[in-house]
Every structure is written in C-alpha cells, then in structure tokens.
Amino acid sequence: MKILNKFFLLKIVFINSFANAQGNYQINIPESREPVTFSIDNYNAISFISYPKNLTGNFNFSNASLGNFYPGGVNSSNCATVESRARNAVNPMFPDSMRIEQKNMVRKYGTVLINLNSGVSFGLSTFRRKVLDKAAEIMHTDISKFDIDNSFQIDKVTYSIEYDRNAITNIIDSKDEIKPQTDKFLNQLFFMNGYTSTEIAASDLICDLFSGKAKIKMVFSGKYGKQSFTSYLLERNEIEAVYQNMLLHNNDYYDPSLYNAKNKNLVLSGIYLKESLDKINKFDLDKKIFLSIYEQIVSQETGKLILNLDSQTLYKKMEVQDNKPYSYLGNVTFDYKP
C-alpha cells in the first residue's frame with residue numbers, strides 16, 4: 001500500500017510539474033517596474049503577451065568636453081559659465097556684436113555627443129536570449145528547443161523636451177533653433193535598436209539635461225505577435241432588418257414558375273439585397289462586404305434567399321475572423337546616468 005501511495009504521489013507531482021511548466025511567465029527588466037510577460041505552449045513556442053509600457057531610459061555624454069573653450073567636460077562649473085554667457089546674450093546693456101558672440105558660444109560653438117538608450121530593446125537578440133534562458137530554466141531543457149516570436153517592431157517614435165522654469169535654455173529661449181539638432185535623435189539606428197548617439201551644439205540644453213532641469217520624453221509605437229480578432233459584416237439589428245425585409249417580400253422577388261432559373265435568381269437576390277441595405281442607410285457599403293453578406297444568406301444552389309435562418313445563425317454568419325498584431329505604445333523618460 002505504501003509503495004502504491006508513493007507511486008500515486010510521484011505521479012501527481014509529475015503531472016503538476018508539467019502543467020506548471022506550460023503557461024504564462026514573467027521576466028523583469030531594469031528599465032521598468034512592469035515585467036515582460038510571455039507564454040510557452042506545448043510545442044515550446046514562445047509568444048509575448050505584454051511588454052512594459054512605462055520605461056526609464058538613460059543618457060550620458062561620451063566626449064571629454066563641450067568644446068575647446070570648455071575643458072573638463074560637462075560639469076557644474078562649466079554649466080555656470082554657460083548660464084552666464086546665456087544671460088550676456090540677452091543683456092541689452094551689451095552691444096549687438098557681443099550678444100551675438102555670446103549666443104553663438106552657447107548655441108553654436110562646440111558639440112557634445114549624447115548617448116541615448118531608451119530600454120526599448122525587445123527586438124534585439126540580447127533581449128531574446130534572456131527570454132530563451134528563462135524558458136530553458138523553466139522547462140529544464142536547452143534554448144535550442146524553443147521557437148521564439150520575433151515580430152516586435154517599432155513603426156513610429158515621437159519626442160518632447162520638458163523644461164523646468166529655472167532651465168538655462170529658457171534664458172535665450174528660441175527653442176525652435178535647437179529642434180533641428182534634437183530631431184536627429186530619431187534616426188534609423190534608434191528605430192531598430194532603441195539607442196543612438198547624437199551631437200548637440202546647444203550647451204544650454206546640455207547643461208539642463210545634466211542638471212535635470214530638462215527632460216527628454218519619447219513615445220514608441222509599434223506592434224508584435226498576433227491576436228485573434230472578430231469583426232462583423234453587419235450589426236445584429238442591421239442584419240435582422242435586412243433579412244426580414246427580404247423574407248417579407250420573398251414571393252415578390254422571384255418568379256415561382258421559373259424553378260430552374262438559378263442565374264436569374266442570383267441577380268435578383270443581389271438587387272433585393274441592395275434595396276434592403278439601402279433601407280437601413282447602408283448605401284455605400286464596400287463591395288467586398290456586400291458580396292460576403294450575399295454569399296452568407298443566398299443559396300448558391302437555387303440563387304434564392306435561404307429561408308430558415310434564425311437571429312443567432314444570421315449574426316454568426318456575419319462573423320469575420322482575422323489575426324492582427326497586438327499594438328505597442330511605450331512611454332520613455334530619460335534620466336542622466338554618468
């Protein structure tokens with residue numbers, strides 16, 4: 001009896017272990033408090049259920065200085081000089097030539113290389129390897145045994161820069177002058193990999209980013225995976241109204257003496273369907289949708305309306321099954337990380 005009980009217990013443990021190995025799992029990423037959720041099916045196919053939508057990106061400055069007149073790089077002392085020159089650029093006590101020169105020293109002379117990393121790297125092989133390693137750990141097998149969904153892609157990135165009221169950039173203002181430089185953030189490398197390096201000549205913006213008085217924020221729009229999607233050719237009340245109208249005038253539509261006039265009946269059914277759709281203000285229905293409705297309620301054997309369709313069957317015939325990707329919309333705020 002004890003042996004049987006042990007065998008039964010081991011069987012339960014084995015079944016539970018197998019059941020727990022199939023399902024939804026999560027991994028954490030350092031850029032977000034939200035986990036990445038994925039599933040593993042019985043064939044070891046990995047599909048993604050959700051990605052983090054709120055991430056913290058990071059940036060730093062990789063070159064040694066702001067330019068040959070700012071030795072030592074981006075630091076509080078040099079940024080104090082940038083602020084002083086920005087104030088000189090708008091000081092009416094100074095002659096125009098001096099103000100222009102001071103402004104150029106802030107906005108034009110010398111560049112800084114900003115390295116941006118959004119954390120939106122779900123399409124990269126390094127990220128997929130983390131998921132594969134986790135799956136291999138869960139299933140107690142090798143990563144080569146898995147097929148992983150590789151459909152994640154970014155289609156659009158937009159950005160904004162938010163300034164504190166004490167930002168140095170507010171002194172000269174004219175922020176539209178800086179935009180052509182910051183627009184370079186959105187290059188092909190950034191779309192593909194989620195990170196990039198861009199030269200910026202606006203020292204006031206650089207210092208505001210360094211101090212946290214300016215924040216870069218971005219929105220990433222894309223898609224991944226597939227979801228089953230059900231749509232309807234007509235709403236329930238619409239198809240019922242169309243069908244009842246055709247049913248009501250069924251004897252008027254067709255010539256009962258022409259039992260074998262299938263082709264004529266098919267034409268007449270199309271005409272009467274069009275008239276019935278017009279009565280519910282579906283005048284400009286797409287031709288493909290019209291034909292799909294027609295094929296569902298007209299007999300291909302007789303060319304006549306099918307007479308025994310109840311409300312539920314009618315509505316079911318209006319179903320269209322499709323597979324569409326999940327949409328991704330991720331918000332990223334960038335923090336300075338030395």
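Which residues are buried in α4? Here are some friendly notes to read beside the structure.

1. **Ground rules.** This is a predicted model, in which local features need pLDDT of at least 70 and side-chain atom pairs count only at pLDDT 80 or more, while totals for chains, interfaces and linings use all residues. Residues are numbered from 1 along each chain as its sequence is written, and side-chain values use heavy atoms, with hydrogens and water left out.

2. **The whole chain.** The protein chain holds 13 helices and ten strands. Helices (H or I, at least four residues) and strands (E, at least two) are DSSP runs, numbered from the N terminus. Of its 338 residues, 38% count as buried; buried means under 20% relative accessible area, exposed over 50%, and partly exposed in between (1.4 Å probe, protein chains only). Among contacts in the chain with a separation of 6 or more, 72% come from residues 24 or more positions apart. Contact here means heavy atoms within 4.5 Å.

3. **Helix α4.** Back to the opening question: Phe127, Arg128, Val131, Leu132, Ala135, Ala136, Ile138 and Met139 are the buried residues of α4. This helix (residues 125-139) has 15 residues, so at 1.5 Å a residue it should span 21 Å, and its end C-alpha atoms lie 20 Å apart, which agrees. The expected span is 1.5 Å times one less than the number of residues. After α4 comes His140, with a positive phi near 55°.

4. **Helix α3.** The twelve residues of α3 (residues 96-107) reach 16 Å from first C-alpha to last, close to the 16 Å expected at 1.5 Å a residue. Gln102, Asn104, Met105, Val106 and Arg107 are its buried residues. The cover over them includes α2, α5 (169-172), α6 (179-182) and α8.

5. **α2 against α8.** Two packed helices are described by the angle between their axes and the distance between the axes. For α2 (residues 76-89) and α8 (residues 203-211), the axes come within 10 Å and cross at roughly 135°. Axes are lines fitted to C-alpha atoms, for helices over the stretch in contact, and angles run from 0 to 180 degrees between N-to-C directions. The two helices are therefore oblique to each other (under 35 degrees is roughly parallel, over 145 roughly antiparallel, 65 to 115 roughly perpendicular, and the rest oblique). Their crossing is left-handed, meaning the near helix is turned anticlockwise from the far one by less than a right angle; clockwise would be right-handed. Ser76, Cys79 and Val82 of α2 meet Ser203, Asp204, Cys207 and Phe210 of α8. By class, this contact has four nonpolar, two polar and one charged residues (Ala, Val, Leu, Ile, Met, Phe, Trp, Tyr, Cys and Pro count as nonpolar, Asp, Glu, Lys and Arg as charged, and the others, Gly among them, as polar).

6. **α9 against α11.** The axes of α9 (residues 236-248) and α11 (residues 262-279) come within 9 Å and cross at roughly 130°. That makes α9 oblique to α11, and their crossing is right-handed. Val242, Asn245 and Met246 of α9 make the contact with Ser269, Tyr272, Leu273, Ser276, Leu277 and Lys279 of α11.

7. **Ile200.** Is Ile200 buried or exposed? Ile200, in strand β8 (residues 195-200), counts as buried because its relative accessibility is 1%. Its C-alpha atom is 7.2 Å from that of Thr182, 18 residues apart along the chain. Leaving aside neighbours within four places in sequence, its contacts include Gly110, Val112, Phe185 and Leu205.
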